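Open the model in your viewer and keep the selection panel at hand.

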Amino acid sequence: MNAFETISSDALRAGRADALDDAVASALTAHPLDGIETEYPHYQGAVEGPDAPPRPSEKHPAFYGCFDWHSAVHSHWALVRLLRVASDHPDEGEIATVVDGRLTPEHVAGEVEYLDANPSFEEPYGWSWLLRLAAELRLWDDSRADAWRETLRPLEDRVRRETLESFLGVDRPHRVGTHGNTAFALAGVLDYARVVGDAELEREAETTAIRLYADDSAGVVGAEPVGWDFVSPALTEADLMRRVLAPDPFAAWLDGFLPDLTGAPHDALLTPVDVEPDEVDGAAMHLIGLNVSRAWCLAGLADALSGREGPAATRLREPLDAAARRHAEAGAADVLTDDYAGSHWLSSFAVYLLTRNEGGIAPGTA
């Protein structure tokens with residue numbers, strides 16, 4: 001049994017750091033610490049010319065590990081977040097040393113240079129995680145966080161600018177369960193903007209969300225999940241809209257978006273996806289992540305309906321809450337896999353679930 005699996009469904013559902021004892025804190029940092037220093041195997045994610053491609057560490061001197069750029073970024077986010085929310089973290093010294101080694105002015109300048117040459121690289125998924133990392137550094141009242149954010153700022157500013165100029169102008173939402181999901185990225189942008197007090201970015205992100213999703217009804221969930229999904233298109237959209245709409249309008253929107261959670265096809269969202277982790281392939285690892293991300297979406301939706309009156313809240317709150325617990329338990333059983341196909345990224349999802357109510361994730365919402 002892994003340390004994460006020992007946490008009760010109540011604690012997983014609560015999303016509070018008091019569940020982080022030393023064993024859990026160390027278990028959640030082990031894979032990110034290893035991964036961000038692991039250069040190979042690595043997915044380059046770019047079209048190469050006739051010459052031999054440079055090493056990942058040459059192209060991405062700050063974020064070359066964890067198989068791909070976005071996983072390296074959100075592994076840094078997970079480590080910083082754990083330092084912030086877990087007092088006296090048993091691995092504090094090692095985490096600080098590793099992050100210090102990655103976030104240097106020279107390394108960040110190299111990342112900016114790469115984005116200058118490849119403007120759409122990691123849009124939108126990696127961008128949203130980079131902004132979450134910057135937001136986490138802003139949240140942490142610590143001199144190390146201040147120094148790391150100042151070092152990261154040129155890349156933060158570059159991604160913020162491209163988000164405003166490119167991503168927020170998207171003409172239609174990408175309703176997929178993988179990296180291109182528009183709603184997932186928008187939630188990260190919104191959370192960042194609210195943490196750092198960026199009124200322009202918050203306003204434009206909200207406008208984009210309303211334009212793309214406000215008129216949706218009877219969410220199409222019958223095709224979920226596709227083999228490689230690690231987020232639910234329907235639940236991720238709803239998780240975004242709870243950030244955008246006031247509580248009563250959101251309850252009304254959700255009532256139309258999930259009209260019948262007790263019948264097909266919407267009831268499929270209430271049952272964790274069966275995973276066979278022994279199959280040792282990337283698709284199985286994605287489905288583990290899907291159960292974890294579904295858990296935090298379901299819990300967030302139930303929280304958004306808490307204290308609300310009316311048919312939507314009455315009909316949806318308890319099924320969503322119960323489903324959140326089931327998904328959290330299912331995800332916890334497998335999320336700390338040692339298989340690198342999952343270990344290079346799943347710990348970040350576990351941290352998101354376990355600490356979602358410790359600031360920075362949908363701040364200011366119920």
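Select Tyr125 and Trp129, which both lie in helix α7 (residues 125–139) and are four residues apart, about one turn of the helix; helices here are DSSP runs of H or I with at least four residues, numbered from the N terminus. The model is a predicted one, in which local features need pLDDT of at least 70 and side-chain atom pairs count only at pLDDT 80 or more, while totals for chains, interfaces and linings use all residues. Residues are numbered from 1 along each chain as its sequence is written, and side-chain values use heavy atoms, with hydrogens and water left out.

Both Tyr125 and Trp129 are buried, a word that stands for under 20% relative accessible area with a 1.4 Å probe, protein chains only. Their rings form an edge-to-face aromatic pair, 6.5 Å centre to centre with 80° between the planes. Rings of Phe, Tyr and Trp (its six-membered ring) count as a pair if their centres lie within 6.5 Å, and planes under 30 degrees apart are called stacked, over 60 edge-to-face and the rest tilted.

Next, select Phe250 and Trp253, which are three residues apart in helix α12 (residues 247–257) and are both buried. The ring centres of Phe250 and Trp253 are 6.1 Å apart and the planes are at 25°, so this pair is stacked.

Now widen the selection to Trp77, Tyr125, Trp129, Phe184, Phe230, Trp296, Trp345, Phe349 and Tyr352, which form one aromatic cluster.

Points are joined across faces, edges and corners, and a volume is the space filled by probe spheres set on them.

For the largest cavity, with about 60 Å³ of space, select Arg132, Phe184, Ala187, Thr236, Asp239, Leu240, Trp296, Cys297 and Tyr352, which line it. Helix α11 (233–244) gives the most to this lining, with three residues.

Finally, for the second largest cavity, with about 50 Å³ of space, select Trp77, Arg81, Arg132, Ala135, Glu136, Asp191, Tyr192 and Gly360. Here α7 gives the most to the lining, again with three residues.

Note on methods. Helices (H or I, at least four residues) and strands (E, at least two) are DSSP runs, numbered from the N terminus. Buried means under 20% relative accessible area, exposed over 50%, partly exposed in between (1.4 Å probe, protein chains only). On a 1 Å grid over the protein atoms alone, a cavity is a set of points where a 1.4 Å probe fits but cannot get out, and a pocket is an open set with protein on both sides within 12 Å along at least five of seven lines; lining residues have an atom within 4 Å of a point.
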